[in-house]
Amino acid sequence: MIYLQLFWSFLQIGALSFGGGYAAMPLIQEQIITRHGWLSVSEFADLITISEMTPGPIAVNSATFVGIRVVGLTGALVATIGCILPSCVLVTLIARLYLKYRDLHALQSVLASLRPAVVAMIASAGVLILTNVLWSGEVTLGGTNWVMAGIFALCLVLLRRTKWSPILIMALGGVVNLVCGLVGVG
């Protein structure tokens, strides 16, 4: 039964996550935290971090991680297949239709109307992760994790002001957090 739940959950995520990995985060959260309780909110934040650092789409990496965490290697395979199956089918069908109707104004209008919804989903996922990292419970000034806020600000400045790779900046943020933990700051 758990294999069917994994397959069905990630099939829904794969079928409904328009806009890529960041847009899929609220859907992934709904399935693995709220509906099934496979991970806690802090484990979900770790999952997103790991999914960002490893090659491949966030949803597929998440499916693999959750599948392994819940029932092992077979679960990872089942969840991953569930996640990628809708994309394989839909991309094949859409590619055929797009090649046939790509000059239609109505098609271009529909695609343009999806963009704001995707941006909203990405922003929602970002705010969820940021609040989980900066505040462990209620969002108050006294409950703010100032070390994490500083690391976030440092990474944000480096992203905006340098041409460094985002992967390098994420690794640097991890090193800064590790050093802060070793010296007892935060």
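Helices (H or I, at least four residues) and strands (E, at least two) are DSSP runs, numbered from the N terminus. The views below show a predicted model, in which local features need pLDDT of at least 70 and side-chain atom pairs count only at pLDDT 80 or more, while totals for chains, interfaces and linings use all residues. Residues are numbered from 1 along each chain as its sequence is written, and side-chain values use heavy atoms, with hydrogens and water left out.

**View 1. Cysteine 180 in helix α8.** Helix α8 spans residues 166–183 and contains cysteine 180. Cysteine 180 counts as buried because its relative accessibility is 16%; buried means under 20% relative accessible area, exposed means over 50%, and partly exposed lies in between (1.4 Å probe, protein chains only). Setting aside residues up to four places away in sequence, cysteine 180 touches Val147 and Val185, where contact means heavy atoms within 4.5 Å. Valine 70 is 110 residues from cysteine 180 in sequence, and the two are 32 Å apart in space, C-alpha to C-alpha.

View 2. Helix α5 comprises residues 73–101, 29 residues in total. From its first C-alpha to its last, α5 reaches 42 Å, close to the 42 Å expected at 1.5 Å a residue; the expected span is 1.5 Å times one less than the number of residues. A kink of about 30° lies at isoleucine 84, shortly before proline 86. The bend at a residue is the angle between axes fitted to the seven residues ending there and the seven starting there. Buried residues of α5 include Gly75, Ala79, Cys83 and Pro86. The buried residues of this helix pack against α1 (2–16) and α4 (58–71).

**View 3. The nonpolar cores.** A nonpolar core is a set of buried Ala, Val, Leu, Ile, Met, Phe, Trp, Tyr and Cys residues joined through side-chain atoms within 4.5 Å. The largest such core has 21 residues, and those with the most contacts inside it are Phe10, Ile28, Ile32, Phe44 and Val66. Two or more residues come from each of α1, α2 (21–35), α3 (41–53), α4 and α5. A second, separate core of six residues includes Val147, Ile151, Cys155 and Leu158. Leaving aside neighbours within four places in sequence, the contacts of phenylalanine 44 include Met25, Ile28, Ile32 and Leu128.

**View 4. The salt bridges.** A search of the whole structure finds two salt bridges, each defined as a side-chain nitrogen of Lys or Arg within 4 Å of a carboxyl oxygen of Asp or Glu. One of them joins the side chains of arginine 35 and glutamate 30 at 3.6 Å, N to O. Glutamate 30 is partly exposed, with a relative accessible area of 31%. The side chains of arginine 69 and glutamate 43 also meet in a salt bridge, at 2.5 Å, N to O. Arginine 69 lies in helix α4 and glutamate 43 in helix α3, so this pair ties together parts that are 26 residues apart in sequence.

**View 5. Threonine 144 in a loop.** Threonine 144 lies in the loop between α6 (105–134) and α7 (146–161). Its relative accessibility is 12%, so threonine 144 counts as buried. The side chains of threonine 144 and tryptophan 135 are joined by a polar contact of 2.8 Å. A polar contact is a pair of N or O atoms within 3.5 Å; within protein, one must be able to donate a hydrogen and the other to accept it, and residues adjacent in sequence count only if both atoms are side-chain atoms.
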